[in-house]
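Please read the following notes with the model open beside them.

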Amino acid sequence: MNDVLTALTQVLEQRKNADADSSYVASLHHKGLNKILEKVGEEATETILAAKDAETSGDNKDVIYETADLWFHSLVMLSHLGESADAVLKELERRFDLSGLQEKANRTK
């Protein structure tokens with residue numbers, strides 16, 4: 001699984017400075033963080049709606065598709081901020097042996 005994230009991170013970095021007319025990722029970077037965040041929000045909403053539909057229909061195809069879009073745009077956001085999927089994976093790894101309730105309590109201190 002990390003191979004996919006590694007490859008995608010490399011592609012996103014390559015396209016970050018590409019011509020905005022030839023690359024969707026470059027066009028997002030060119031438009032700036034607010035446009036990228038708008039796309040993350042849009043994809044989050046679409047993911048939520050797809051999940052609600054999936055619970056009713058029993059078909060997860062659309063929620064998987066929308067989650068992929070959400071992850072993709074989140075990775076573009078991270079790239080724009082000079083981060084990568086690896087930073088998120090390291091944070092998840094740090095939390096691995098930590099209770100979710102304990103982790104949440106630690107954030108409020």
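**Notes on salt bridges and the main pocket**

1. K39 and E43 are both buried, where buried stands for a relative accessible area under 20%, exposed for over 50%, and partly exposed for values in between (1.4 Å probe, protein chains only). The model is a predicted one, in which local features need pLDDT of at least 70 and side-chain atom pairs count only at pLDDT 80 or more, while totals for chains, interfaces and linings use all residues. Residues are numbered from 1 along each chain as its sequence is written, and side-chain values use heavy atoms, with hydrogens and water left out.

2. K39 forms a salt bridge with E43, with 3.7 Å between the closest N and O atoms; the term requires a side-chain nitrogen of Lys or Arg within 4 Å of a carboxyl oxygen of Asp or Glu. Both residues belong to helix α3, where K39 and E43 are four residues apart, about one turn of the helix; helices here are DSSP runs (H or I, at least four residues), numbered from the N terminus.

3. K39 also meets the side chain of E42 in a salt bridge, at 3.0 Å from N to O. These two residues are three apart in helix α3 (residues 33-57), again about one turn of the helix. K39 has a relative accessible area of 13% and is buried, whereas E42, at 33% relative accessibility, is partly exposed.

4. A further salt bridge joins the side chains of D62 and K61, at 3.6 Å from N to O. D62 is partly exposed at 47% relative accessibility, and K61 is exposed at 56%. Through shared partners, salt bridges link K39, E42 and E43 into one network. The search of the whole structure finds eight salt bridges.

5. The largest pocket has a volume of about 290 Å³. A pocket is an open set of points on a 1 Å grid over the protein atoms alone, where a 1.4 Å probe fits, with protein on both sides within 12 Å along at least five of seven lines, and lining residues have an atom within 4 Å of a point; the volume is the space filled by probe spheres set on the points, which are joined across faces, edges and corners.

6. Eleven residues line the largest pocket, and L5, W71, L75, A85 and V88 lie nearest its centre. The elements giving two or more residues to this lining are α4 (61-80) and α5 (85-95), and α4 supplies the largest share, five residues. By class, the lining has ten nonpolar residues, one polar and no charged, with Ala, Val, Leu, Ile, Met, Phe, Trp, Tyr, Cys and Pro taken as nonpolar, Asp, Glu, Lys and Arg as charged, and the others, Gly among them, as polar.
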